[in-house]
Amino acid sequence: MTDHPVATTLMGLKVPPSPFLHETRVARIASGDYEGDEIKGALAVVRPGDRVLELGAGPGVVGSVTALNARPAKVMSFEANPALIPHIRAMHVENGLEDVIELRNEVLISAADRPESMTFHVTNSFLGSSLIEKEARQTTPVEVATADYHAVAETFRPNVLLMDIEGGELEFLKHADLRGLRAVVIEFHPSVYGKSGAQTCKNILRAAGIPPAEDRMKKS
């Protein structure tokens, strides 16, 4: 571990300063309010020795807290926003997690017609950045390489999935082979695909024998 200044701590995790962590966000992380439901869900299901696949790392707090406290054998974390990657890596190094978490700046695609890259729409604050362009929000498009979910699943062999991909979860689940997964922690976004889309996600998970471990309907 290193000994650098930290912005705040959460459950033993040292969170380094970054341009994305303003005072309000730092306070929310410190209080456990930032992505609190996802963290609780992850810690409720991840066990020592698990292999965790995380889609949508954001600033890296959820995956890092999970790795530090639940002691999985390995975490493979995908984040599409390239601006977040160096700050997530800094958090991993600060907490001695660089050998536990493999961070990839790619979009994980489950559909058979996977393109080599996709346009990712980045917001200034990172919150709400998505493959889905939202007309009401100003974004900057960036091209991000893709990876094949089924190839990753075959080699990495995850048994827990953490997913917060800003509305992309419906399309992902429609094409994903979920065999081998014991638990899923997912944030739904019915503002993108409606309550019916959220229900479809739940039906896919239940059909695979893995009802959502964290059933949170995001309202905005």
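Visitor: Is Asp177 buried, partly exposed or exposed, and at what relative accessibility?

Guide: Buried means under 20% relative accessible area, exposed means over 50%, and partly exposed lies in between (1.4 Å probe, protein chains only). Asp177 has 30% relative accessibility, so Asp177 counts as partly exposed. The model is predicted: local features need pLDDT of at least 70, side-chain atom pairs count only at pLDDT 80 or more, and totals for chains, interfaces and linings use all residues. Residues are numbered from 1 along each chain as its sequence is written, and side-chain values use heavy atoms, with hydrogens and water left out.

Visitor: Which residue forms a salt bridge with Asp177?

Guide: A salt bridge is a side-chain nitrogen of Lys or Arg within 4 Å of a carboxyl oxygen of Asp or Glu. Here the partner is Arg179, with the closest N and O atoms 2.5 Å apart. Arg179 is exposed, at 72% relative accessibility.

Visitor: How many salt bridges does the structure hold?

Guide: There are four. Among them is the pair Asp33 and Arg28, whose side chains meet at 2.8 Å, N to O. Asp33 is partly exposed at 46% relative accessibility, and Arg28 is partly exposed at 32%.

Visitor: Which residue meets Glu106 in a salt bridge, and at what N to O distance?

Guide: The side chain of Arg104 meets that of Glu106 at 2.7 Å.

Visitor: Is Glu106 buried or exposed?

Guide: Glu106 has a relative accessible area of 18%, so Glu106 is buried. Arg104, with a relative accessible area of 22%, is partly exposed.
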